[in-house]
Amino acid sequence: MRIRIHGFLIIFMCLIGLTAKQSTPDHELLVIVGAAGEDSYAEGFEEAAQAWGEASKAANASITFIGREEDTASTDRERIHAWIQKLDTETLAPAWIVYIGHGTYNRRDAYLNLTGPDLSAKDLARWLPSMDRTLIFVHGGSAASP
């Protein structure tokens, strides 16, 4: 009897898993992996990115990573801008922007340190459209000043 019940639960969980993968995502994530500067930071950044990847599966979220690829056709800054331009501003699914890395401040602007040109908070604010959906920004790293 236990074997049948466990077998049924396993089949049921697999069916739910298949359904969840085919449904509309409950969240939309952009995970930005910033310039590490040193190997020790790069390892930690990669571990954090992998953890966000696992969390996205559990939360039925679509996920885009920037900063992990070797693409030289465009900069990380350009890829971030392109992702933002594609955002659906009216869906109910929350949009998450997660930054893993270092930030800097030059007494005028705060920046996310990227591979290639950095991204200022002012540019990010200017790029983000007015939205009905929830936007969550997670700065998962160190920053100097604001």
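Colleague: How many aromatic pairs does a search of the whole structure find?
Modeller: This is a predicted model, where local features need pLDDT of at least 70, side-chain atom pairs count only at pLDDT 80 or more, and totals for chains, interfaces and linings use all residues. Residues are numbered from 1 along each chain as its sequence is written, and side-chain values use heavy atoms, without hydrogens and water. With ring centres of Phe, Tyr and Trp (its six-membered ring) required to lie within 6.5 Å, the number of aromatic pairs found is two.

Colleague: Why do the buried residues of H3 line one face of the helix?
Modeller: Helix H3 (a DSSP run of H or I, at least four residues) spans residues 76-85. Its buried residues (under 20% relative accessible area, 1.4 Å probe, protein chains only) are Asp76, Arg79, Ile80, Trp83 and Ile84. They line one face because, seen down the axis of H3, they fall within an arc (directions from the axis to the C-beta atoms) of 140°.

Colleague: Which residue in S2 stands opposite His27?
Modeller: S1 and S2 pair in the parallel sense, over six bridges. In S2, the residue opposite His27 is Ala61.

Key
Phe/Tyr/Trp six-rings, centres within 6.5 Å; stacked < 30°, edge-to-face > 60°. Buried < 20%, exposed > 50% of the residue type's maximum accessible area, 1.4 Å probe, protein only. Helix = DSSP H or I, 4+ residues; strand = E, 2+ residues; numbered from the N terminus. Pairing = 2+ DSSP bridges.
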